[in-house]
Amino acid sequence: MPKAWIQDRKKEFYYRKAKAENYRSRATYKLVQANQKYGFIKRNDVVVDLGAAPGGWIQAARKMTGKQGFVLGVDLKPIEPFTQEYIRTIVADLNDPDIAQQILSFLPRKADVIISDAAPNITGVWEVDHARQIDLATKALEISLQVLRPSGNFFVKVFEGDLLNDFLQAVKRHFESVKIVKPQASRAKSSEMYILALNLKPKKEHEE
Ligand SMILES: C[S@@+](CC[C@H](N)C(=O)[O-])C[C@H]1O[C@@H](n2cnc3c(N)ncnc32)[C@H](O)[C@@H]1O
């Protein structure tokens with residue numbers, strides 16, 4: 001069976017599933033599958049979702065954290081509002097120098113988990129897209145270092161390529177355990193993958 005055909009069927013499958021289950025994106029299942037396997041988002045957690053529009057990951061994270069938790073979604077684009085008071089969304093740019101302070105001002109306490117599916121507009125020029133994706137992931141890491149509590153977790157989208165290893169090393173300096181995750185819902189032929197970093201080290205260990 002041709003690979004492209006299988007990929008299209010898979011895309012269609014998650015698209016229909018998202019529609020049927022009232023999720024705003026088929027990307028939702030990437031987070032759901034990763035969390036089913038690794039359990040990095042728990043009940044009552046405070047979660048920050050970077051690059052959150054249209055809000056599929058917010059919906060999934062809210063189910064994982066429950067009513068005693070809190071989810072903040074951040075995106076350049078406005079996100080259609082949610083009715084629950086334990087979900088907030090803001091329009092903001094991850095490149096804004098004050099973004100970490102801005103995020104902290106909306107949280108009840110420091111975050112337990114930061115998730116980032118932020119992605120640039122794809123140009124089709126491989127090197128450009130890869131570099132922009134790693135740049136966004138680096139911003140997400142910088143934000144995490146200010147917004148996460150000690151022992152917090154970080155889950156971030158990257159694209160495979162030359163710059164990935166340096167980014168991976170940077171993440172490893174700050175977290176106890178780091179692995180690359182490719183959820184089933186992420187198309188096999190795409191270079192997209194996620195880095196899951198568990199247990200932010202206490203500041204002294206990784207700030208020097
Ligand atoms: C793949 S979508 C996220 C889908 C989301 N996880 C869901 O399930 O609905 C990537 C998002 O990253 C956002 N984004 C890209 N660059 C950004 C930036 N500099 N600041 C904030 N958001 C950004 C885009 O606007 C886009 O909505």
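Select the ligand and its shell. (Nonpolar means Ala, Val, Leu, Ile, Met, Phe, Trp, Tyr, Cys and Pro; charged means Asp, Glu, Lys and Arg; the others, Gly among them, are polar.) The shell has 22 residues, with S25, G51, A53, G56 and D117 the closest. A residue belongs to it if its C-beta atom, placed from the backbone, lies within 6 Å of the molecule.

Before moving on, note that this is a predicted model: local features need pLDDT of at least 70, side-chain atom pairs count only at pLDDT 80 or more, and totals for chains, interfaces and linings use all residues. Numbering starts from 1 along each chain as its sequence is written.

Next, the sheet. Seven strands form an open, mixed sheet in the order β3-β2-β1-β4-β5-β7-β6. Its edge strands are β3 (87-91) and β6 (175-181), each pairing on one side only. Neighbouring strands are turned by 15° against each other on average, direction ignored. Strands (E, at least two residues) and helices (H or I, at least four) are DSSP runs, numbered from the N terminus; two strands pair if DSSP finds at least two bridges between them.

Select β6 and β7 (192-200). They run antiparallel, joined by six bridges. Pick V181: its bridge partner in β7 is Y194.

Now select the helices on the sheet. α2 (28-38) lies across β4 (111-116), β5 (148-159), β6 and β7, at about 40° to β7. α4 (99-106) touches β1 (46-50), β2 (70-75) and β3, and its direction makes about 145° with that of β2. Axes are lines fitted to C-alpha atoms, for helices over the stretch in contact, and angles run from 0 to 180 degrees between N-to-C directions.

Go to β4 and β5. They pair in the parallel sense over five bridges. A111 has L148 as its bridge partner in β5. Nine of the twelve β5 residues are buried, that is, with 20 or more other C-beta atoms within 10 Å of their own C-beta, placed from the backbone.

Select α3 (56-65). Nine of its ten residues are buried, among them W57, I58 and M64. G66 follows, with a positive phi near 75°.

Finish in the largest nonpolar core, which has 53 residues. Such a core is a set of buried Ala, Val, Leu, Ile, Met, Phe, Trp, Tyr and Cys residues joined through C-beta atoms within 7 Å. V47, V48, L50, A61, I114 and A140 have the most contacts inside it. What does I114 touch, not counting residues up to four places away in sequence? Its contacts (C-beta atoms, placed from the backbone, within 7 Å) are V48, L50, A140, I143, S144, V147, L148 and F154.

Notes
Contact = placed C-beta atoms within 7 Å.
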